[in-house]
Amino acid sequence: MMHKFKIQPLADGVLVKADIAEKKSKGGIIIPDTAKEKPQKGIVLAVGKGKKDEPMTVKVGDAVLYGKYSGTEITIEGIDALIMKESDIFGIIQPTTLELI
């Protein structure tokens, strides 16, 4: 069940909860906080209503890929999230694809 947030993005705005950064490399090396890569995938928490003549493509609950430096980091209701434009999102990850990542 998705949570209803007290913030509603405007126009083509999207609120995204980023995945947690990896703590270990694939080889088992522990990565310090200062060297962690910023996650580039997350889950959509809220979406705006879209622009005139441009409906929103993403919806709440979608897993998405976005640019490394996309969005503005905010904390809303104790959750660290990003607020960005829909155009900053590269694509929607299909459920079958998530298992491969």
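Student: Before we start, what does buried mean here?
Tutor: A residue is called buried when its relative accessible area is under 20%. Keep in mind that we are looking at a predicted model.

Student: Good. How much of the protein chain is buried, then?
Tutor: Of the 101 residues in the protein chain, 29% are buried.

Student: Which elements is the chain built from, and how many of them?
Tutor: There are six strands and one helix. Reading from the N terminus, the order is β-β-β-β-β-β-α.

Student: What share of the contacts links residues 24 or more positions apart?
Tutor: Taking contacts with a separation of 6 or more, 63% join residues 24 or more positions apart.

Student: Let's pick a residue. Where does I89 sit?
Tutor: I89 belongs to strand β6, which covers residues 89-93.

Student: Is I89 buried or exposed?
Tutor: I89 is buried, because its relative accessible area is 11%, and the cut-off is under 20%.

Student: What is I89 in contact with?
Tutor: Setting aside neighbours within four places in sequence, I89 is in contact with V14, V58, V64, L65, Y66 and M84. Take V14 from that list: V14 and I89 are 75 residues apart along the chain, while their C-alpha atoms are separated by 9.1 Å.

Student: Switching to charges: how many salt bridges does the structure hold?
Tutor: Two. In one of them, the side chains of K51 and D12 meet, with an N to O distance of 3.9 Å.

Student: Which residue does D62 form a salt bridge with?
Tutor: D62 pairs with K59, and their closest N and O atoms are 3.2 Å apart.

Student: How about cover for D62 and K59: buried or exposed?
Tutor: D62 is buried, with a relative accessible area of 8%. K59 is exposed, with a relative accessible area of 53%.

Technical notes: Residues numbered from 1 in each chain as written. Predicted model: local features only at pLDDT ≥ 70, side-chain atom pairs only at ≥ 80, totals over all residues. Heavy atoms only, no water. Helix = DSSP H or I, 4+ residues; strand = E, 2+ residues; numbered from the N terminus. Buried < 20%, exposed > 50% of the residue type's maximum accessible area, 1.4 Å probe, protein only. Contact = heavy atoms within 4.5 Å. Salt bridge = Lys/Arg side-chain N within 4 Å of Asp/Glu carboxyl O.
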